Amino acid sequence: MASSSSSSVDQVSRRTQILTNHLNQSGFAPYSSSSSSTSLEFSACINFSPPELSERIEFDTKEMRKLLDAHNLEDRDWLYGLMRQSNLFNPRKLGGRVFVWPDYNQSMEQQREMTMKRIGYMIDRGVFEGWLTAQGPEAKLRKLALMEVIGIFDHSLSVKLGVHFMLWGGAIQFFGTKRHHDKWLRATENYAVKGCFAMSELGHGSNVRGIETVTTYDSKTEEFVINTPCESAQKYWIGGAANHATHTVVFSQLNINGKNQGVHAFIAQIRDLDGNICPNIRIADCGHKIGLNGVDNGRIWFDNARIPRENLLNSVADVSPDGQYLSSIKDPDQRFAAFLAPLTSGRVNITVNAVYSAKISLAIAIRYALTRRAFSVAPNEPEMLLLDYPSHQRRLLPLLAKTYAMSFAANYLKFLYVNRTPELNKAIHVVSSAFKAATTWHNMKTLQECREACGGQGLKTENRIGHMKAEYDVQSTFEGDNNVLMQQISKALFGEYIAAKKGNKLFKGLGLEHLNKSCPVTASQLTSSTLRCSQFQTDVFCLRERDLLNRFVAEVSEHQAQGKNKEYAFILSYQIAQDLGRAFSDRAILQTFTEAERALTGGPLKEILGHVRSMYALITLEEDSSFLRYGYLSTDHVAAVRKEVTKLCSELRSHALALVDSFGIPDAFLSPIAFNWLESNSWSSVQQQLGGTTFASAI
């Protein structure tokens with residue numbers, strides 16, 4: 001008891017001394033009764049110190065940016081500059097710096113108007129030149145690079161352009177033929193027409209085959225007649241439809257001579273060039289949303305609207321003037337697959353946008369953590385930087401490593417897409433589904449963690465992260481619900497497995513070649529060097545994918561043996577399907593990382609990427625319960641992984657600034673708390689924002 005009492009007294013004495021040290025500082029003298037008396041005084045004010053003064057840079061951040069951005073760096077920097085030059089991009093001076101970001105205090109109507117004005121500004125400066133009319137991978141990569149920059153500024157602006165160019169324009173490119181290309185592509189590129197993309201309906205989103213809009217053919221007038229037969233068939237969430245679009249690509253069931261030929265795409269005019277809604281068309285606004293209010297989402301009803309026969313996008317199928325249905329693809333399933341194959345452009349764009357959103361939030365949160373202090377660990381010592389706390393490192397640095405991994409994955413997907421051939425359509429569909437789901441889930445997790453890591457500052461819209469959560473939330477469900485995409489991936493892998501086994505063939509494509517080799521074996525003891533070995537990491541990821549694929553095939557087959565049809569068997573096997581989809585995604589992402597790392601000859605860049613790659617692999621092992629659930633790792637293994645992640649956090653701490661600076665995002669596109677947050681929150685800054693107006697302060 002005496003020892004316990006002594007300890008309590010020591011704690012009280014220590015706490016009293018700390019409080020005394022804090023209070024007995026100069027600065028509170030005006031409240032003293034005399035100069036000789038002991039007074040309670042304020043501690044010295046916090047001073048801001050830029051992290052560049054203390055953080056070391058041990059690799060070339062410009063070279064790292066080349067790896068991460070991968071292409072068109074000059075074009076990106078050119079567009080960054082165009083945005084900084086115009087008042088349309090809402091420049092604001094805070095803390096001695098100029099920042100550009102949308103004004104989210106504007107009404108929905110004002111945000112939509114500003115989106116169109118910004119588009120007009122970019123049209124006048126040739127930003128969109130060649131986006132639909134130029135040929136070759138180089139032109140496509142330039143378009144993707146500029147879209148990435150636009151998304152860094154504002155997700156609404158990016159989505160609005162994505163609907164017009166990628167969806168409306170892409171549908172004409174891929175579903176149409178020369179007559180459509182000649183008439184529509186140049187007009188779309190220069191905004192002589194404004195397009196939207198009417199696929200989703202109130203009653204059908206992911207299930208495109210089930211949409212209820214019906215189109216028939218009138219051979220007397222050589223016109224198609226489009227009709228919305230019921231309320232659930234109204235086109236819903238159609239970006240651009242509420243205010244601006246003049247034309248749309250309509251997805252509809254095509255009924256010819258009483259026979260349903262399945263889903264087809266048609267061009268329909270919904271407004272004249274003066275903005276008046278066309279006859280037999282009804283349009284309503286979807287209203288205010290939690291984010292993306294710069295996009296005018298609308299609803300469309302077609303009341304037996306007539307369009308010329310030539311407006312059927314006929315690369316897959318056509319209808320003759322006398323009403324005969326023509327298609328070289330006789331099987332309806334194959335025809336539907338060929339019809340939807342080109343629509344992966346949206347998922348490619350979403351994947352990349354999600355990665356850059358994560359980059360923005362991490363750059364802001366990590367820079368803030370390198371200047372913001374909280375608590376001291378001993379008397380008379382300065383408060384610690386947030387990022388010097390192991391717990392804070394654990395919150396942010398694994399997310400940083402995942403963002404690096406997904407950056408390489410997004411680059412792989414882009415190059416796969418721009419160099420696509422018909423033979424690659426299946427691979428692009430599967431990989432884009434996997435990466436779209438993985439990156440958008442990761443982005444939302446990153447935004448939330450970074451918001452919390454910035455404390456109250458993360459709530460301010462000027463600091464971007466909090467608002468970006470609402471702006472990017474939709475990515476988890478549009479262009480395919482992520483959970484549905486996981487099941488689509490598993491179905492595709494099931495098909496590859498059955499085809500290989502039935503034909504007694506080797507696996508080829510989708511990175512499944514590892515299934516042709518003997519099954520990897522996990523070592524009983526996992527040392528630090530083993531855990532950081534890229535071969536071990538690859539082996540354990542492949543082991544999980546191989547085993548889950550075998551389990552999935554076995555479970556589906558068991559349900560079929562019990563009399564269930566294949567589709568219902570897939571539905572009943574959803575849990576393993578989800579695990580398998582994630583296993584495929586994680587393995588494919590790791591593969592792109594190791595390939596990027598392997599391409600380097602050596603030096604500091606390769607060394608730091610090795611640490612980042614190990615962090616990505618090990619945090620995935622730690623966080624995904626399937627490694628433990630199915631026995632790929634033991635509890636001792638998981639404990640070793642957890643310990644190694646903590647060590648990697650400590651090692652990557654000193655490189656944190658360099659790693660986020662390598663993103664190459666200009667200061668103006670980050671936020672005030674990424675820099676001198678004291679000055680940006682000062683009274684003089686308040687006066688500057690209010691145009692110099694002085695307010696009396698009450699004390």
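This is a predicted model: local features need pLDDT of at least 70, side-chain atom pairs count only at pLDDT 80 or more; totals for chains, interfaces and linings use all residues.
Q: Which strands stand at the edges of the open sheet of three strands, and why is one side of each left without a neighbour?
A: The order in this sheet is β6-β10-β9, with antiparallel pairing. From one strand to the next the twist averages 35°. Each edge strand has a single partner strand, so one of its sides has no neighbour in the sheet; these strands are β6 (235–239) and β9 (281–285).

Q: Which residue of β10 stands opposite Ile 238?
A: Strand β10 covers residues 297–302 and runs antiparallel to β6, with three bridges joining the two. The residue in β10 opposite Ile 238 is Gly 298.

Q: Which residue in the turn of the β4 and β5 hairpin has a positive phi?
A: Strands β4 (residues 214–218) and β5 (residues 223–227) run antiparallel and are joined by five bridges. Four residues lie between the two strands, and the one in the turn with a positive phi, about 55°, is Glu 222.

Q: In β7, what is the bridge partner of Val 214?
A: Besides its antiparallel pairing with β5, β4 is joined by three bridges to β7 (residues 247–256), and these two strands run parallel. The partner of Val 214 in β7 is Gln 253.

Q: Which residues in α3 are buried?
A: Helix α3 (residues 73–85) has 13 residues and reaches 19 Å from its first C-alpha to its last, close to the 18 Å expected. The cover over its buried residues includes α2 (61–69), β2 (97–100), α4 (108–124), α5 (137–153), α9 (345–369) and α10 (390–418). The buried residues are Arg 76, Leu 79, Tyr 80, Gly 81, Leu 82 and Met 83.

Q: Is Glu 479 buried or partly exposed?
A: An unreviewed UniProt entry annotates Glu 479 as "active site". Buried would require under 20% relative accessible area, and exposed over 50%. The value for Glu 479 is 26%, so this residue counts as partly exposed.

Q: Which residues does Glu 479 touch, not counting residues up to four places away in sequence?
A: Glu 479 lies in the loop between α12 (465–472) and α13 (482–502). With those sequence neighbours left out, the residues touched by Glu 479 are Leu 167, Leu 343, Gly 346, Arg 347, Ile 350, Lys 436 and Leu 485.

Technical notes
Residues are numbered from 1 along each chain as its sequence is written. Side-chain values use heavy atoms; hydrogens and water are left out. Two strands pair if DSSP finds at least two bridges between them. Axes are lines fitted to C-alpha atoms, for helices over the stretch in contact, and angles run from 0 to 180 degrees between N-to-C directions. The expected span of a helix is 1.5 Å times one less than its number of residues. Buried means under 20% relative accessible area, exposed over 50%, partly exposed in between (1.4 Å probe, protein chains only). Contact means heavy atoms within 4.5 Å. UniProt positions are given in the numbering used here, feature names are shortened, and annotations may be inferred rather than shown by experiment.
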